Amino acid sequence: MPGSTDAQAQLPAIDGWFTVDDDGVVHLIAGKCTQCATYVFPPRENNCPNPACSGEDLEQVPLSRRGTLWSYTENRYPPPAPYPATDPFVPFAIAAVELADEGLIILGKVVDGTLAADLKVGMEMELTTMPLYTDDDGFVRTVHAWRIAS
Ligand SMILES: [Zn+2]
């Protein structure tokens, strides 16, 4: 964040998708309907996703930090612009992780060094963040990511 004493300050690539507390623990943020308790990610403040509910008030709540690997794939080609890609391109894995308590499946990159061969459906995954790119002002822009739970 601006004013940070870190050598290279970090900012989320997209505002509002996760928070990092004072201990460095990251939580994804979801919208939760105040009428029917349905969750939605990415978060929004109205328009409940449950077709049987007319809820228009979604509170912003933190999600579970761990879930079960539901599916995964490996990107072997650079993603199209505007998504930033490393040059030279380095393959990376993408995980779909199921959060049992919330009934959500959250897509995210898998941390560097973990590829599809390291993953297995059903394994426990844990939320973290990883750098995505450095912006024109020198801020490291981060995204939520999954790693194999320790
Ligand atoms: Zn609802």
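Two strands count as paired if DSSP finds at least two bridges between them. With that in hand, here's a quick tour of this predicted model.
- β7 and β8 run antiparallel and are joined by 6 bridges. One of the residue pairs here is A96 with its bridge partner L107 in β8.
- Y72 has A95 of β7 as its bridge partner.

**The nonpolar core**
- The largest nonpolar core holds 18 residues, and the ones touching the most other members are L28, L69, A93, A95, V97, V110 and W146.
- Two or more residues each come from β3 (26-33), β6 (66-75), β7 (92-99), β8 (104-110), β9 and β10 (140-148). β7 gives the largest share, with 5 residues.
- As general background, nonpolar side chains in soluble globular proteins tend to be buried together.
- What does L28 contact, leaving aside its neighbours within four places in sequence? The list is W17, F18, F41, L63, I106, L127 and H144.

**Overall shape**
- From the N terminus on, the elements read β-β-β-β-β-β-β-β-β-β. The radius of gyration is 16 Å, close to the 15 Å that the globule rule gives for 150 residues, so the chain is as compact as a globular protein of that length.
- Along the principal axes, the C-alpha atoms fill a box of roughly 50 × 40 × 30 Å.
- Of the 150 residues, 19% count as buried.
- Take the contacts between residues at least 6 apart in sequence: 50% of them join residues at least 24 apart.

**The annotated span**
- An unreviewed UniProt entry lists residues 61-128 as "domain: ChsH2 C-terminal OB-fold".
- That span, residues 61-128, is 0% helix and 47% strand, and its end C-alpha atoms lie 17 Å apart.

**Backbone details to check in the viewer**
- The peptide bond from F41 to P42 is cis, with omega near 0°. P42 lies in the loop between β4 (39-40) and β5 (58-62).
- Another cis peptide bond runs from A81 to P82, with omega near 10°. You'll find P82 in the loop between β6 and β7.
- A37 isn't a glycine, yet it has a positive phi of about 70°. A37 is in the loop between β3 and β4, and it counts as partly exposed because it has 14 C-beta neighbours inside 10 Å.
- N47, also not a glycine, has a positive phi of about 65°. This residue lies in the loop between β4 and β5. Why is N47 classed as partly exposed? Because 13 other C-beta atoms lie within 10 Å, and the partly exposed class sits between the exposed limit of 12 or fewer and the buried limit of 20 or more.

**A proline inside a strand**
- P131 sits in strand β9 (residues 124-134). With 14 C-beta neighbours inside 10 Å, P131 is partly exposed.
- Beyond its neighbours within four places in sequence, P131 is in contact with V140 and T142.
- P131 and Q10 are 121 residues apart along the chain, but their C-alpha atoms are separated by 8.3 Å.

Technical notes: Residues numbered from 1 in each chain as written. Predicted model: local features only at pLDDT ≥ 70, side-chain atom pairs only at ≥ 80, totals over all residues. Helix = DSSP H or I, 4+ residues; strand = E, 2+ residues; numbered from the N terminus. Contact = placed C-beta atoms within 7 Å. UniProt positions renumbered as here; feature names shortened; annotations may be inferred. Core = buried A, V, L, I, M, F, W, Y, C linked by C-beta atoms within 7 Å. Rg over C-alpha atoms; globule rule 2.2 N^0.38 Å.
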